[in-house]
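Here's a short walk through one protein model, written for someone just getting started. Have a look at the picture, then read on.

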Amino acid sequence: MIAFTEIADRVLVAVEPIVNVNVTLVVGDGQALLIDTLSHDGQARELLTAIRGVTGEPLAVVNTHHHYDHAFGNAVVADGTGGGQPPRDAPIFAHEEAAALLRDKGTVLQREWYEELLPQDLAFADALGQCVIRPPDQIVHGETGLDVGGRQVVLRHLGRGHTIGDLVVEVPDADLVVAGDLVEEGAPPGFGDSFPISWPDTLAALLSRLGPQTRVVPGHGAVVGPDFVRAQHGELSQLSWLIREAHGDGGDPLKVAQKTTLTRFGERGLQEARHAVIRGYEELEQPSNPR
Ligand SMILES: [Zn+2]
């Protein structure tokens, strides 16, 4: 069951129950903006029903990044919901790198994620494996301003972090930022496609844009404030230093991972930390790391 809760003036968040993805809806006069579209067609249909319980306005869509749980519902959500005559598909915005990944490598990634998820949840993996990938058609480079039914919203790329192409969505009239998986609450950050050496700088850039009361919607978990983001920046900075020091000695990734604070999340934290070390070494060896 996907249901929206209003967390600021006409800004609503719904939590997907399997991996706690946050989906955000910004409602203006004559248009609404949906941020992230969940993992597969079935979830996206449920999401669309929930949206229509809130607003009948035409939609625009943003993917905060290319990961399946944020973008694989695109086709169902966008289909004919953009308004106009005849019904137009909703535009889908993403950073250029996220859009390129979904366009050029979407099926390869779909298969990788299908195979990764299959042992954990067969039904979920099957649904993900069968959905049609719709790449974003509106490309964001550094920043793009949107008028969402009279509300000024900014889509901004602050640098590499959780992935090569993360966007944050600023809603200044609600003093709120949707951060995607650049910020993660209640679980370790995901490092599988990350740039752990750059991530702290990207979070510092985000922090510099937050006011004392700004609310931050993370990719997963509870809505947080600047203090939480500052603490996560500190943890990621420590991790980055640890990786840089270990890289000089050729440290075994698992042994380095065991020294990180992410071990407080148990086995999952340890595995994410190991990914972080591996990705960090790659980043140090190839500063202009390709996708
Ligand atoms: Zn992600």
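Glu 282 sits in helix α10; helices (H or I, at least four residues) and strands (E, at least two) are DSSP runs, numbered from the N terminus. Because its relative accessible area is 30%, Glu 282 counts as partly exposed; buried means under 20%, exposed over 50%, and partly exposed is in between, using a 1.4 Å probe and protein chains only. From Glu 282 to Val 256, 26 residues away along the chain, the C-alpha atoms are 15 Å apart.

A word on the background: this is a predicted model, where local features need pLDDT of at least 70 and side-chain atom pairs count only at pLDDT 80 or more, while totals for chains, interfaces and linings use all residues. Residues are numbered from 1 along each chain as its sequence is written, and side-chain values use heavy atoms, with hydrogens and water left out.

Next up is Arg 244, which belongs to helix α8 (residues 226–249). Is Arg 244 buried or partly exposed? Arg 244 is partly exposed, because its relative accessibility is 34%. Setting aside neighbours within four places in sequence, Arg 244 touches Ile 197 and Leu 284, where contact means heavy atoms within 4.5 Å. Arg 244 and Leu 284 are 40 residues apart in sequence, with 7.8 Å between their C-alpha atoms.

His 157 is in a loop, between β9 (151–156) and β10 (168–171). Beyond its neighbours within four places in sequence, its contacts include His 95, His 141 and Asp 166. Val 15 is 142 residues from His 157 along the chain, and their C-alpha atoms are 24 Å apart.

Now for the metal. Which residues hold the zinc ion? The protein donors are His 65 (NE2), His 67 (ND1), His 162 (NE2) and Asp 181 (OD), at 2.2 to 2.3 Å from the ion. Donors here are N, O and S atoms within 2.8 Å of the metal (3.2 Å for Na, K and Ca), and water is not among the atoms, so sites may look incomplete. Along the sequence the spacing reads H-x1-H-x94-H-x18-D. His 65 and His 67 are both buried. The angles among the four donor atoms run from 89 to 172°, and the site is irregular. Four donors count as tetrahedral if all angles lie between 85 and 135 degrees; four count as square planar and six as octahedral if opposite donors are over 155 degrees apart and all others between 65 and 115; anything else is irregular.

Grid points are joined across faces, edges and corners, and a volume is the space filled by probe spheres set on the points.

| Space | Volume | Lining by class |
|---|---|---|
| Largest pocket | about 1100 Å³ | 13 nonpolar, 12 polar, 13 charged residues |
| Largest cavity | about 30 Å³ | four nonpolar, four polar, one charged residues |

For these classes, Ala, Val, Leu, Ile, Met, Phe, Trp, Tyr, Cys and Pro count as nonpolar, Asp, Glu, Lys and Arg as charged, and the others, Gly among them, as polar. In the largest cavity, β12 gives the largest share of the lining, three residues.

Key: 1 Å grid on protein atoms, 1.4 Å probe; cavity = no way out; pocket = protein on both sides within 12 Å on 5 of 7 lines; lining within 4 Å.
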